[in-house]
Amino acid sequence: MAKLFNNIRKSLLNQGKTTNYLKYAIGEIVFICESRVKILQLFSRDKIGLCA
């Protein structure tokens, strides 16, 4: 997955599409933050015994 993100990042920068790169970077940050929140929610559910 990281290799895919690196390829996209490099191609956008090489083509000189800075605005598209910034949009991509912001989207990647949002995706990572959402993933971490979901993991923390699952961890806290498991810790209090709500998950089977």
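## Terms and model

A residue counts as buried under 20% relative accessible area, exposed over 50%, and partly exposed in between, using a 1.4 Å probe and protein chains only. By that definition, Glu28 is buried because its relative accessibility is 16%.

The model you are looking at is predicted: local features need pLDDT of at least 70, side-chain atom pairs count only at pLDDT 80 or more, and totals for chains, interfaces and linings use all residues. Residues are numbered from 1 along each chain as its sequence is written, and side-chain values use heavy atoms, with hydrogens and water left out.

## The chain as a whole

The chain has two helices and zero strands; both kinds of element are DSSP runs numbered from the N terminus, with helices being H or I of at least four residues and strands E of at least two. Of the 52 residues in the chain, 8% are buried.

## Helix H1 and what follows

Helix H1 covers residues 2–14, which is 13 residues. The expected span of a helix is 1.5 Å times one less than its number of residues. For H1 that gives 18 Å, and the C-alpha atoms at its ends are 18 Å apart, so the two agree. After H1 comes Gly16, whose phi is positive, near 80°.

Ser11 sits in helix H1 and counts as partly exposed because its relative accessibility is 30%.

## A salt bridge between the helices

A salt bridge is a side-chain nitrogen of Lys or Arg within 4 Å of a carboxyl oxygen of Asp or Glu. The structure holds one: the side chains of Glu28 and Arg9 meet at 3.4 Å, N to O. This pair links distant parts of the chain, with Glu28 in helix H2 and Arg9 in helix H1, 19 residues apart. Side chains of opposite charge can pair when their charged atoms come close.

Arg9 counts as partly exposed because its relative accessibility is 25%. Contact means heavy atoms within 4.5 Å; leaving aside neighbours within four places in sequence, Glu28 is in contact with Phe5 and Arg9.

Rings of Phe, Tyr and Trp (its six-membered ring) pair if their centres lie within 6.5 Å; planes under 30 degrees apart count as stacked, over 60 as edge-to-face and the rest as tilted. There is one aromatic pair in the structure. The ring centres of Tyr21 and Tyr24 are 6.5 Å apart and the planes are at 40°, so this pair is tilted.

Both tyrosines, Tyr21 and Tyr24, lie in helix H2 (residues 18–48), three residues apart, about one turn of the helix. Tyr24 counts as buried because its relative accessibility is 15%.
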